[in-house]
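Please read these notes on aromatic rings with the structure open beside them. They go point by point.

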Amino acid sequence: MKATAAAIFSAYSILFVSFSLANSQSIQDNFVQCLSKQCQPFNSIAGAIYTPKNSSFSSVLHSYVRNLRFMTPETPKPLAIVTALHESHVQATVVCSKSIGLQIRIRSGGHDYEGLSYVSNVPFVILDMFNLGSIDINVTDESAWVQAGASLGEVYYRIAEKSSVHGFPAGVCTTLGVGGHFTGGGYGNMMRKYGLSIDNIIDANIVDVNGRILDRASMGEDVFWAIRGGGAASFCVVLSWKIKLVPVPETVTVFKVAKTLEEGATDLVVKWQQVADKLDEDLFIRLMLSPENGSIVPNEKTIQASFVAMFLGQNERLLQLMNESFPELGLQKKDCIEMRWVESVLFWINYPNVSSTDVLLQRIPKSESFLKRKSDYVQEPIPKAGLEAIWKVMMEAENVGMNWNPYGGKMSEIFPTATPFPHRAGNIFKIQYGSNWKNPGNEITDNFLKWTRKLYEAMTPHVSKNPRESFLNYRDIDIGLNLNGTLEEGKVYGSKYFKDNFDRLVDVKTRIDPDNFFTYEQSIPTRS
């Protein structure tokens, strides 16, 4: 399904135009009044409520929008934003939204690629979690309680404050909000050693549809299973996660080696596919593919293949492993940089000064853009002829790249039913397709979307089938939308994100939220 944001939101606009200003104001007033009754004294929540009448409404709304496609005058706006300052504010927002009949959108870091954490096609409110960002590290029992509004960078920083030999397996984008990142799976460069973030979560606190605060014991194992990889926004609001810290060496090693087609990149990509998922589990080598201007023939495009690695150890052992398994890359000691684990995070976000880790506390990305992402899984190596055909599409598109992320190691040891995330053994690597652009306009946007989808289509013979699998954290509305809340619509995208785990997620959803209050365009539906 290739629905564009413009097409979807044109339908939204019709709904919002028909939704009269008088009704809008009345519902806003009822919602605020309900919050005041739920949270006594009222001052405890008054400073956390923003409506369009508030001068700060737009700045609060836009402060956690990470895809500029959803920051236009035409984008539907919420009737109110609650920037919760206390857990009771979350409870009140759920209870009042449900009682008044408003849809709720839950935002932690605003990185939902399709804007579904802060945009809706019906009257809605945003529950913004960014103020709930406490992090309590316990090195003694190697755990931490992390509130949903914390960023990954803050988590890494606070762990490193307490220990130089502990870390946590999660994403390399440090401005991601913990709430959404963890509940979609949580993918990072230690996944071959320790699995995903969800594989290292041992407890959680949530607010259910009735406004109750529940932990793992009181929510039950089925719900705890569902929120770790199944998208918690279909079931509840996550307040905090208890994570299990993992051991890291005092010194890790990183490298980045880039080659163009003229430098033998195609043969290196062929070899990477043969070894990337079989390397020592301490070694993760991401392959980044991008069209670039050629240096040999003027005005001619080429493909650059960048091999970016994280190794949990020192360069001497790394070089030995590479010489044994991937000598074709020609890795040399001068390519390898040794550093602390927390400093390696800065390397992965292309921050030049790895000695200043304070940048991890910055919640705003260095730059923001219009963007589109898609995902795939590859289970058989792509032959050289197939790669050469793909290069042609990429060079024609000019603006669409791919990141190939290797599997194997711990990922192959965890059963696909252990969590809702099913993409385990049998996958060589996962693909993220990405395009970014800076200029607004429907024609420009449509062109970038067209080429992203064209590359995705060109990859069809080489990726998983029946279903063509997708990664929930790489949200993609092209693979299906549930505009009517039906089980049939939900199966279309649900089978791609969750495979056989979809049915169990529907059962959990039907039990914990039978009236389908926690709903959005790609949520888990109920059975009735």
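1. Buried means under 20% relative accessible area, exposed means over 50%, and partly exposed lies in between (1.4 Å probe, protein chains only). F168 has a relative accessible area of 1%, so F168 is buried. F182 is buried as well, at 0%.

2. This is a predicted model, in which local features need pLDDT of at least 70, side-chain atom pairs count only at pLDDT 80 or more, and totals for chains, interfaces and linings use all residues. Residues are numbered from 1 along each chain as its sequence is written, and side-chain values use heavy atoms, with hydrogens and water left out.

3. Rings of Phe, Tyr and Trp (its six-membered ring) pair if their centres lie within 6.5 Å; planes under 30 degrees apart count as stacked, over 60 as edge-to-face, and the rest as tilted. The structure holds 20 aromatic pairs. In one of them, the ring centres of F168 and F182 are 5.4 Å apart and the planes are at 50°, so this pair is tilted. F168 lies in the loop between β7 (166-167) and α7 (178-184), and F182 lies in helix α7, so the pair ties together parts 14 residues apart in sequence. Helices (H or I, at least four residues) and strands (E, at least two) are DSSP runs, numbered from the N terminus.

4. F370 and W437 have ring centres 6.3 Å apart and planes at 15°, so they are stacked. This pair links distant parts of the chain, strand β16 (residues 370-378) with F370 and strand β18 (residues 429-437) with W437, 67 residues apart. Both F370 and W437 are buried.

5. Ring pairs join Y113, Y187, F421, F471 and Y474 into a cluster.
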